[in-house]
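Visitor: I have a structure open and would like to go through it piece by piece. Can you take questions as they come?

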Amino acid sequence: MPVNIQNNVSLLPYNTFGIDVRAAHFTTVHSEAEMREALQSGIHPVLVIGGGSNLLFTRDVAGLVIKNDISYIKLERNFTKRAWIDVGGGVQWHTLVTWAVENNLGGLENMSLIPGTVGAAPVQNIGAYGVELKDVFVSLKAMETTTGRIRTFSLKECGFGYRDSVFKRELKGKYIIVSVRVSLTRPRHKLNLSYGDISRTLVTMGIDHPGIADVSRAVCQIRRSKLPDPAEIGNCGSFFKNPETDLAVLLKIRQSHPEVPSYPLPDNRVKIPAGWLIEQCGWKGKKVGNTGSYARQALVLVNYGGATGQEVKNLSDQIIQSVQQKFGIALEREVNIV
Ligand SMILES: Cc1cc2nc3c(=O)[nH]c(=O)nc-3n(C[C@H](O)[C@H](O)[C@H](O)COP(=O)(O)OP(=O)(O)OC[C@H]3O[C@@H](n4cnc5c(N)ncnc54)[C@H](O)[C@@H]3O)c2cc1C
């Protein structure tokens, strides 16, 4: 069946911020062939979306919005201690995590409940609770938007960094990720319990000898208690990245704020939680028009209902400015602005 391209479509159901803008043209694709056909429509520019959970729309979108719905999970290869799984880019990330846990395949459990699709996961090298996509990544297949040709990218070629990859930088808009191959552990797993509240939560759950299913449940419990559910209040999770700075910057902040939290990085550099910096500037829980900084996590900007993308962007500009003024640190947005 030829792909069905619709005109003048509201993107409200397609972004977790709940921003009401329109796409000039819109289609959903379920296979590589449909993706190629949509690209051959000749409508430009093209914007591919998954769950819209890392996108802030500040205007109507010209050109063609393609929603990736290529959905399959396939056991590709079984090794003695690992298995390779190929996953269609349109699969919901948490569906993959649940499938892996149910099949006793380890490595994804700390990334439970991250919204969005598998195809978008490499774009910012998603991560949570001490684990990133790159830790389980083998390769991906992507379609070049100008030619429809498929190219395989290795781990190295993806140039993963902290919430970063080549697909956010030099190859932005040039490739659409159609599938991702991950390598998962079995039958024994190496659990990562060192980060955040995981160990403490497992204790409160009464679990002494956790397995991957327990870790996944603990992570879900922690996330539900801290992060707003986009079904109830529009948001995109962390709006900013945690800044990485020189140790000297941290030492200077420590003079006036001895309690400043930080995490050591190589080369005399440190990571400072953006949420802490934002809170120190008085933004935590503050409402500005229809938007604001979430009361339980300052790093999350929310839409209280009816906010425009521009309103949210303006708030983020003000936050960036005040953190710069108070601490001399330039916050970077994690969310993609369109
Ligand atoms: C409540 C909440 C909590 C979150 N927690 C986390 C977290 O813990 N860790 C984390 O890393 N992120 C987190 N996020 C952000 C978000 O879940 C991830 O960035 C996710 O990978 C976005 O997936 P998506 O399918 O919704 O992408 P979209 O928002 O649809 O797209 C994001 C970007 O990727 C591009 N893109 C989408 N699909 C493709 C594709 N197939 N090929 C090429 N480019 C593509 C889009 O054009 C856009 O630039 C959270 C978001 C929310 C709402």
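Visitor: Where is Asn268 found?
Guide: This is a predicted model. In it, Asn268 is found in the loop between β15 (263-265) and β16 (269-271).

Visitor: What is phi of Asn268 near?
Guide: Phi of Asn268 is near 60°, which is a positive value in a residue other than glycine.

Visitor: Is Asn268 buried or exposed?
Guide: Asn268 is exposed, because 9 other C-beta atoms lie within 10 Å, and the cut-off for exposed is 12 or fewer.

Visitor: Which phi does Asn104 have?
Guide: Asn104 has a positive phi of about 55°, and Asn104 is not a glycine either. Asn104 is found in the loop between α2 (93-102) and β8 (127-128). With 15 C-beta neighbours inside 10 Å, Asn104 counts as partly exposed.

Visitor: Changing topic. Which residues does a cis peptide bond join at Pro45?
Guide: The bond joins His44 and Pro45, with omega about -10°. Pro45 has its place in the loop between α1 (32-40) and β3 (46-49).

Visitor: And what is omega for the cis peptide bond of Arg186 and Pro187?
Guide: Omega there is about -5°. Pro187 is in the loop between β12 (175-185) and α4 (198-204).

Visitor: Let's step back. How many helices and strands does the chain have?
Guide: The chain has eight helices and 20 strands.

Visitor: What radius of gyration does the chain have, against that of a compact globule?
Guide: The chain has 20 Å. For 338 residues a compact globule would have a radius of gyration near 20 Å, so the two agree. Along the principal axes, the C-alpha atoms fill a box of roughly 65 × 50 × 40 Å.

Visitor: How much of the chain counts as buried?
Guide: Of the 338 residues, 40% count as buried. As for contacts in the chain between residues at least 6 apart in sequence, 62% join residues at least 24 apart.

Visitor: What does the domain assignment give?
Guide: The assignment gives domain 1 (6-68), domain 2 (73-226) and domain 3 (234-337).

Visitor: How many residues of domain 2 are in contact with domain 3?
Guide: Four residues of domain 2 are in contact with four residues of domain 3. By class, the domain 2 side that touches domain 3 has one nonpolar, one polar and two charged residues. The C-alpha centres of domain 2 and domain 3 lie 26 Å apart.

Visitor: On to helices. How far apart are the end C-alpha atoms of α8?
Guide: They are 27 Å apart in helix α8 (residues 309-327). At 1.5 Å a residue, the 19 residues should span 27 Å, so the value agrees.

Visitor: Which residues in α8 are buried?
Guide: Gly309, Val312, Leu315, Ser316, Ile319, Val323 and Phe327 are buried in α8. They cover an arc of only 125° around the axis, which puts them on the same side of α8.

Visitor: Why would residues three or four places apart point the same way?
Guide: Because an α-helix has 3.6 residues a turn.

Visitor: What covers the buried residues of α8?
Guide: The cover includes β4 (55-56), α6 (247-256), α7 (274-280), β17 (287-288), β18 (291-294) and β19 (297-303).

Visitor: Which exposed residues are on the face of α8 turned away from its buried side?
Guide: That face carries Asp317, Gln318 and Gln325. Just after α8, Gly328 takes a positive phi of about 70°.

Visitor: What about α5, which of its residues are buried?
Guide: The buried residues of α5 are Ile212, Asp214, Val215, Ser216, Ala218 and Val219. They pack against α2 and α4. Helix α5 (residues 212-226) has 15 residues and should span 21 Å at 1.5 Å a residue; its end C-alpha atoms are 21 Å apart, so this agrees.

Visitor: Last one. Is Thr27 buried or exposed?
Guide: Thr27 is buried, because 21 other C-beta atoms lie within 10 Å. Thr27 has its place in strand β2 (residues 22-29).

Visitor: Which residues is Thr27 in contact with, leaving aside neighbours within four places in sequence?
Guide: Thr27 is in contact with Val3, Asn4, Ile5, Gln6, Ala38, Leu64 and Ile66. The C-alpha atoms of Thr27 and Asn7 are separated by 9.0 Å, and these two residues are 20 residues apart along the chain.

How values were computed: Residues are numbered from 1 along each chain as its sequence is written. This is a predicted model: local features need pLDDT of at least 70, side-chain atom pairs count only at pLDDT 80 or more; totals for chains, interfaces and linings use all residues. Helices (H or I, at least four residues) and strands (E, at least two) are DSSP runs, numbered from the N terminus. The expected span of a helix is 1.5 Å times one less than its number of residues. A residue is buried if 20 or more other C-beta atoms lie within 10 Å of its own, exposed if 12 or fewer, and partly exposed in between; C-beta atoms are placed from the backbone. The arc is that of the directions from the helix axis to the C-beta atoms. Two residues are in contact if their C-beta atoms, placed from the backbone, lie within 7 Å. Domain bounds come from an automatic or database domain assignment. Ala, Val, Leu, Ile, Met, Phe, Trp, Tyr, Cys and Pro count as nonpolar, Asp, Glu, Lys and Arg as charged, and the others, Gly among them, as polar. The radius of gyration is taken over C-alpha atoms; the globule rule is 2.2 Å times the number of residues to the power 0.38.
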